[in-house]
Amino acid sequence: MISLSRSTRALGLCAAVGALAFGTGHSIPAMADDAHEAHYRLFVGDHADGVVRAFDIHDGAAAGTFEIDQTPALTRSESGRTLFAVQGDTGKVAVISTGISFEDHGDHADLKVEDAALLDVAIEGVKPAHVVEGSGRIALFDDGSGDVSLFAESGVLDGNFEPRILKPGAAHHGLAAPMGDHLVVSVPHENADEPRVGLKVVDADGDQVGEVVSCPGVHGQAQSARLFAFGCRDGIVIASPGTGGEAPTLRHVPTADLGEGNVSTLKGGTAMTYFLGNYGPSSVVVIEPGDETGFTKIDLPTRRVDFALDPALPRNAYVLTEDGQLHLIDIVAGTIAQSAAVTEPYSMDGHWRDPRPRLAVAGDRIALTDPREGVVRLISTETLEETGTIEIEGTPYTIVTVGGSGAVHDHE
Ligand code: ZN
Ligand code: ZN
C-alpha cells in the first residue's frame, strides 16, 4: 500500500517542478498579473489507414492531418514536443512536432502553441518497434535487426538526426531503456523461436556490463522517478540507476503470489513512485518499488481493454473494461473508487488487434477513442461523465495527448 504521507509530499514536489518535466497540466506559479493558459492537443492514429489526425481539445478543431504509410503505434516524448508514429511493417517511424512546448523560466514556464507538423526526419529500419525515453535520450529498438538507435529529442526537432547505433544482440521483439550512460536491453534466446530470456546492461558502446538477469518473455517497461520496471512471465525486473556513472542494477521480483497471470504492459507514476501493470485479462496490479516491493492486485468486473494514469491527479488511474465501463482506480487505496458506463461493450474475444477503444489523459479530461462510433469521447476525470465528443473520420484507434498550462506574457 502506498502511504498517504508520501503521496502528499510527492504532490508538493510535483506542483513545483513536475509540470514542466512531465507536461501534466498543473498550473505553474507565475508573476501576479500574468495570463495563464492551458492548451491540450490530441493525436489519433487510424485503425485502417496510414494517417494521424490532430485536434485541439478546448474546441475540438482539427489541428492537422498527417499521411503516413501504415496504421501507427504512437509514442510521445516526455516533453510532449514530439510524437513518434511507429510503422513496424513498413520499417519506418514518422516524427510529428506536436506544436505544444513549454519554456522554462525558472519560477514559471511559458506555454507556446504552434502548428503541429510532420517532420522531414526519416527514421528507417527493418522493423522498428518500441520507443523508450530515459536520461534525456530516446532509444528505438529495431526488432528486425536487434539494433538500438539512440538519439536526443532536440536533434530530431532541429533536423540534426544523427543517431548512435548500438548492436547489443540478435533480432527479436525487444526493448532498450536508457539509464544514465548505460542502457538496459532485452536478451533473446539463442533459438529465435524461444521466448526472450532476460535483461542485461550495456555501456555506451553496446558492450555488456555484468550478468544477464532472468526475465522470461520480457515485454513492457515504464519509468517512475529514476527507476525502470520491466514485465516478465514470472515477475518483474526493477532497474535502479547506478551512482557516479556506475551501471544500473537489476533485481528480479517474483509475482507468483498474485496467482495466474503476468505483467506485460506497464505505466509509471510521475508525481508518485509506482507502476501500474496489467495482470491476466481481468486485473491490474499496483507495484510499489522499494526494498520490499509491494504488489496490490485489483480485480476488474470484466476483461480489461486499456488503462492510463492521471499525471495531474497522482492517485488516479483509469481502466476501461470490455463491458464499456470506465473505472477510476485509487492507486493509494488499491481499489476501484468509481465506475461509469462510457461506451457500448467492446468484447475482448476476437483478434487482439481488432479496433477497440484506447485512452489518454489531458488535464481534467480522459480522451477515449470509440472506433465503432467514429468519435473521441471526452470524459471528466472528476465525475467520469462525458463532457463532449469530437467526431473523427475513419476508425479512431491509438491516441496520445500533449499539453499543459503555462504563462502567456511578453518578456523584455
Ligand atoms: Zn515567462
Ligand atoms: Zn511490444
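Trainee: Which residues coordinate the zinc ion (ligand 2)?
Mentor: H130, H173 and H219 coordinate the zinc ion (ligand 2), each through NE2, at 2.0 to 2.1 Å. Donors here are N, O and S atoms within 2.8 Å of the metal (3.2 Å for Na, K and Ca), and water is not among the atoms, so sites may look incomplete. Keep in mind that this is a predicted model, where local features need pLDDT of at least 70 and side-chain atom pairs pLDDT 80 or more, while totals for chains, interfaces and linings use all residues. Residues are numbered from 1 along each chain as its sequence is written, chains are lettered from A and ligands numbered from 1 in the order in which they are written, and side-chain values use heavy atoms, without hydrogens and water.

Trainee: What spacing do the donors follow along the chain?
Mentor: The pattern for the zinc ion (ligand 2) is H-x42-H-x45-H. H173 sits in the loop between strand 14 (164–166) and strand 15 (176–179), and H219 in the loop between strand 18 (208–214) and strand 19 (221–224), so this pair ties together parts 46 residues apart in sequence. Strands (E, at least two residues) are DSSP runs, numbered from the N terminus.

Trainee: New topic: how is the protein chain divided into domains?
Mentor: Domain 1 covers 15–124 + 304–412, and domain 2 covers 125–261. Those bounds come from an automatic or database domain assignment. Their C-alpha centres lie 25 Å apart.

Trainee: How many residues are in contact between them?
Mentor: 20 residues of domain 1 are in contact with 15 of domain 2, contact meaning heavy atoms within 4.5 Å. The two domains bury about 1,400 Å² between them, 67% of it on carbon and sulfur atoms. Buried area is the accessible area (1.4 Å probe) that two parts lose on being put together, summed over both.

Trainee: And how many salt bridges cross that interface?
Mentor: The rule finds zero between domain 1 and domain 2. It asks for a side-chain nitrogen of Lys or Arg within 4 Å of a carboxyl oxygen of Asp or Glu.

Trainee: How many salt bridges does the structure hold, then?
Mentor: The structure holds 14. One joins the side chains of R41 and D56 (2.7 Å, N to O). R41 is in strand 1 (residues 35–46) and D56 in strand 2 (residues 51–56), so the pair ties together parts 15 residues apart in sequence.

Technical notes:
Helix = DSSP H or I, 4+ residues; strand = E, 2+ residues; numbered from the N terminus.
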